[in-house]
Every structure is written in structure tokens, then in C-alpha cells.
Amino acid sequence: MTPLPDDTVAHLREVLERPELPGGRYEVQELVGRGGMGIVYRAEDRALRRQVALKVLRPEFADQGSSIRLRREADILARLEHPGIVPIHDLGTLADGRLFYVMKLVRGIRLDEFARTVGLTERLRVFLRVLETVGFAHAHGLVHRDLKPANIMVGAFGEVLVLEWGIARIMASGGEPAGSGVAAGESDVDTLDGTVLGTPGFMAPEQARGDVEQVDVRSDVYSLGAVLRSLVADGAPHGTRPPPLVSIWEKATAATPEVRYSSAAELAADVTRFLDAQPVSAHREGWLERAGRLYQKYQTAILLVLAYLAMRLLFLVMLGT
Amino acid sequence: MTAADPDARRAALHALVGVYWRPVYVHFRIHWAREPADAEDLTQEFFAAAVAGDFFAGFEPERARFRTFVRVCCDRFAAKARRAERRLKRGGGAVHLPLDFVGVEQELGRVADAAKEDAETRFEREWVRSLFEVAVEALRQESQRDGHEVRFAVFERYDLAPDDATRPTYRELGQALGLPTTQVTNHLAWARRALRRLVLENVRALCVSDEEYRAEARALFGREGG
């Protein structure tokens, strides 16, 4: 046959990836992004006349295992009602059998992009919202397992959304990995475990080893510590990193889970203490550091007292002359 | 590529040659600056060597993609041929494959910047083109066999149009083929679904692991660089 021209090949590449939606309710408008196994499009919901995000499995992920993962992600999103987790609207199957789900269209930027635009305090406040969201998921028996800046979005008003729950692990009550007690359907997904899922650099050592039984909320704490480190340290000279924050992420990213914070809430408490210029549990401070922290905490009062004393001194000097 | 069953081995080599002859030829033509006749000979000889022996037996999936490995094999083969300064002979007992070198030359003539691309990009571009060509041909044959010529005709006129300017609208296409517009879109959807399946089957046949299959498929779909 005649060789296909470049333009034809480019056209085929595009149309073969585009999802073929049944029923005519949704109209795909624009590709928003590609993830590990899914593609997200902006789409029009013709029934409700609104813009939505549509996530569909990539063509090469049309196998049963990937479908189970996407289905499970949809189930998780439906179960978790929280401002930090994208609400899901619909679930369906494409004409070629691939799963898709429809969710709220999120407008915002990735956490790492956001971090480059604001100061340290604002970065930490946003990080606390991430911790609150992850803590909420933990309280509902879920470990995210792929927390990293690329999976966290920050909206125009500083609202935080934690994305990509496709490889989250369902825990039994008490934070232990789910065993035989998980509901039917959930156990199917657990058969996917054993392969290494996650992102190097943000993945806890037990997760990187594929030690599934060891993965629990502390694995997420590790990832959160790595996220904190990237928020504070990326692009900042070594000497400008506040030692208490360094201690916090070092504790969170300890190789041994037992040494880490036991929960996102405990990590959040230490970050909050730092923001309030209080001593953090992970850091033993020297007297100079303590003085510096107290100065930071009582800066206004100290400056007022110093100004008052300076004026008194000036007044006494003037009286003397 | 190292299947012990002779039939499986033949099928694997057939799939390999079908998809790779074109990128291999273009690589010899441009990267090795071979004249068309030389590049043809080298391509024939390259695959003849693959058919005759365990040419690809040294492939180590953990080190590189198969596609990269084939390109490296091409380089070794071309370097060896150049060193020996031997002129490859056509025929002479070697396998002679029915490959459309003239068509490739015509396409190369249209791509003025081909020589400026790096070898990897060019090899990938030709690999993608080959995969689609092989799948389109398989779709054409499937359509004929199953009596779906009209579906293929819709697909051919719309999706295989040379560029956007010459692509008809659904309405124009429907009028030309005597079909309602809804039928045009249905036929197109069918053909794309079938083509996607055929392309992915070919990719899977040429990969040794799920990981490589997914990485290759990822490079295949979507807008280039997207």
C-alpha cells in the first residue's frame, strides 16, 4: 500500500486515543492530561450543561486488572466526601470496553508549580490542608500510596485536591492492611498487590520493596515527609532550611516505619507548632535557636518594649543635658 | 523472537519484518547515508540474517526497548558492511522480501527535514507509520473477508485522507456513499475500534513484557509530544 503521509499518521494517533462515549451525554472537548494509566479530558455534560472531567483508561490498559483499579478509584472517590477529594458524578463503559468515570472539573495548578509562586508560610498552610485530606482518608481506612506534588492540585483560592486514588490500599479498622474481612470486590483489587506501585523518591522503603503487608498509614506519612521536603528544600540553599522543618521531614521519612509519625494528624501537629513558633516534637533545639524562635513568636511585643526602653533612655539623656 | 516452535518463530519474524522493514530502510538511507539501492540491499540482508539465525537472541529486555535494540543492530550491521566494503547481493539463496522501497522513497522526498532529525526520533516515526500501515492493511483484509467494505470505505475516505484540508465532512461523505450521517459516524467508530485493536495486537506481538508493551503503546497514541 502507499505509505501513510505524516498528517494521516498524526490524525490516526489522535483519533485512536480519543474515547468513544456511548449515549451522547458527554462530548469530549480537550485533553487535560495523561497519567500513569489514565487520560483526563475536559468534556461537556449535555444533560446538565456543565463542564466536567472525564477520566478514561489508556488504550493499552484495557485489561481486567487496570479496569478493576479504575473502578476501585471511582468507588473510593464516591465513598470519600471531603473538600480535598474530587467528587465523582458518573461511571460508564466505552464502546471498546474501557471504563471511564466523570468527575468535577478541577481548575488549578500542581502543588510543585504552586510552591514556586508563594512564600514558605503559604506553602506550609497548603501542606496542612493536604495532611487534613490524607488524614480524612486514613480515618476511612484508605492509604493513598502515591502521594507526590504531581498528584496534588491547588485551586485559585488555595483549596487543595488530592488526586490519583487508583492504587490506594484499603485497610481494615485500626490501620492494619485489610485481610479476609474486606468486602467482595475489594479483595479482587488486593490481588494486584505485590507489584511495586508508587513513585521513586516519594515511595516508602517498604513499598519500594514490594512488602505489601508492611504498607500502612505510615507509608503515606513517608510520602508526605518527602512532599514537605520538596516544598521547603527545592530551590532553597541548604543554609536557609529551617532546622525544625528539616527534623520534621527527617522523622517523617525515616527508613523504619516505627520511627515515623504514626499518623498524618501527628505530622500536622508538628507543622502547626512550627508555624506558631512553638517547639516541635521532632526537633531538639539549642538555646540560640530557642531565643530566635521566641523572638519570632513575640517579635511585636519585644520590639515595642525595646522602643519604649529606647525612648526612656533618650528621655533620661535629654534630662541629663 | 526466540520462540522454540518453528511456526511461532515464523509468525513472530513475519510480524517483525512487517513493522520494522520501513524504519530499518529509512535508517540505512538517512543515518548511514546509503544510496537507495544500497539501503535496499542492506535491509534485505539485515532481515535475511535475522531469518537465518538468532540475530535478535542477544536482546536483553531489562537494558532497552526492543525497538532501540533493533536500531542498534542496524548500526552494527551497517558498520560491519561498510568495513568489509562488500556489495550485498540480491537473491543468491537469501530470503527476498516483497518490500515497497519505491513508496518509502516517495514519502522521504516529501519529508525534507528527515535528515535533520536524530536517528531515534526518525526510527520511532517510521516505526509508528509502519505499525499503522500494517494494521490498516489488516483492517482492509478483515473488512473484505467479513463483508464490511462500506465501513472500510468510510474509514479510508475520512481517516486516511492525506491532510485536514482534503478530509470531507461527515455530511459530504454520507452523500458521496449514500449513507445517513449517523451511519458514517457509526462506521468510523467501528473502524477505529478495530484499528486500535489491530495496532495493539501488533505492538504486543513485538514486545517481550507487559511493561515494554505499555511503554510502546504510550509512544504510539495521542498527539506527538503530547
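Among the elements of chain B, the mean pLDDT is lowest for helix 4 of chain B, at 67, and highest for helix 6 of chain B (residues 149-159), at 95. The model is predicted, and chain B as a whole has a mean pLDDT of 80, with 80% of its residues at 70 or more. In residues 87-93 of chain B the pLDDT falls below 50, and this stretch has 8 contacts in the model beyond near neighbours in sequence. For chain A the average pLDDT is 85, and 91% of the residues score at least 70. A stretch with pLDDT below 50 is present in chain A as well, over residues 174-194; beyond near neighbours in sequence, it has 30 contacts in the model. For the complex, the predictor reports an ipTM of 0.75 and a pTM of 0.68.

Chain A contains 11 helices and 10 strands. Of its 321 residues, 38% count as buried. Among the contacts in chain A with a separation of 6 or more, 60% are accounted for by residues 24 or more positions apart. Chain B has 9 helices and 0 strands, and from the N terminus on its elements therefore read α-α-α-α-α-α-α-α-α. Of the 226 residues of chain B, 31% count as buried. Residues 24 or more positions apart make up 69% of the chain B contacts with a separation of 6 or more.

On the side of helix 4 of chain A the contact is made by A:Leu120, A:Arg123, A:Phe127, A:Leu131, A:Val134 and A:His138, and on the side of helix 7 of chain A by A:Val217, A:Asp220, A:Leu224, A:Leu228, A:Leu231 and A:Val232. These residues divide into 9 nonpolar, 1 polar and 2 charged.

Helix 4 of chain A passes helix 9 of chain A in a left-handed crossing. The residues of helix 4 of chain A in this contact include A:Phe127, A:Leu131, A:Val134 and A:His138, which also take part in the contact with helix 7 of chain A. Among the residues contributed by helix 9 of chain A are A:Ala264, A:Leu267, A:Ala268, A:Val271 and A:Leu275. The contact of helix 4 of chain A with helix 9 of chain A consists of 11 nonpolar, 4 polar and 1 charged residues.

From helix 7 of chain A the contact takes A:Val221, A:Tyr222, A:Leu224, A:Gly225, A:Leu228, A:Arg229 and A:Val232, and from helix 8 of chain A it takes A:Leu245, A:Ile248, A:Trp249 and A:Ala252. Of these residues, 9 are nonpolar, 1 is polar and 1 is charged. A:Leu224, A:Leu228 and A:Val232 belong to this contact and also to that of helix 7 with helix 4 of chain A.

The contact between the chains takes 24 residues from chain A and 31 residues from chain B. On the side of chain B that touches chain A, two or more residues each come from helix 4 (101-110), helix 5 (119-145), helix 8 (181-205) and helix 9 (210-220) of chain B. Helix 8 of chain B gives the largest share, 7 residues. This side of chain B divides into 15 nonpolar, 3 polar and 13 charged residues.

B:Ala189 lies in helix 8 of chain B. Leaving aside neighbours within four places in sequence, B:Ala189 is in contact with A:Glu20 and A:Ala95. With 17 other C-beta atoms within 10 Å, B:Ala189 is partly exposed. The C-alpha atom of B:Ala189 is separated by 9.4 Å from that of B:Arg151, 38 residues apart along the chain.

Technical notes. Residues are numbered from 1 along each chain as its sequence is written. Chains are lettered from A and ligands numbered from 1 in the order in which they are written. This is a predicted model: local features need pLDDT of at least 70, side-chain atom pairs count only at pLDDT 80 or more; totals for chains, interfaces and linings use all residues. Two residues are in contact if their C-beta atoms, placed from the backbone, lie within 7 Å. Helices (H or I, at least four residues) and strands (E, at least two) are DSSP runs, numbered from the N terminus. Ala, Val, Leu, Ile, Met, Phe, Trp, Tyr, Cys and Pro count as nonpolar, Asp, Glu, Lys and Arg as charged, and the others, Gly among them, as polar. A residue is buried if 20 or more other C-beta atoms lie within 10 Å of its own, exposed if 12 or fewer, and partly exposed in between; C-beta atoms are placed from the backbone. pLDDT is the predictor's confidence in each residue, from 0 to 100. A crossing is left-handed if the near helix is turned anticlockwise from the far one by less than a right angle, and right-handed if clockwise.
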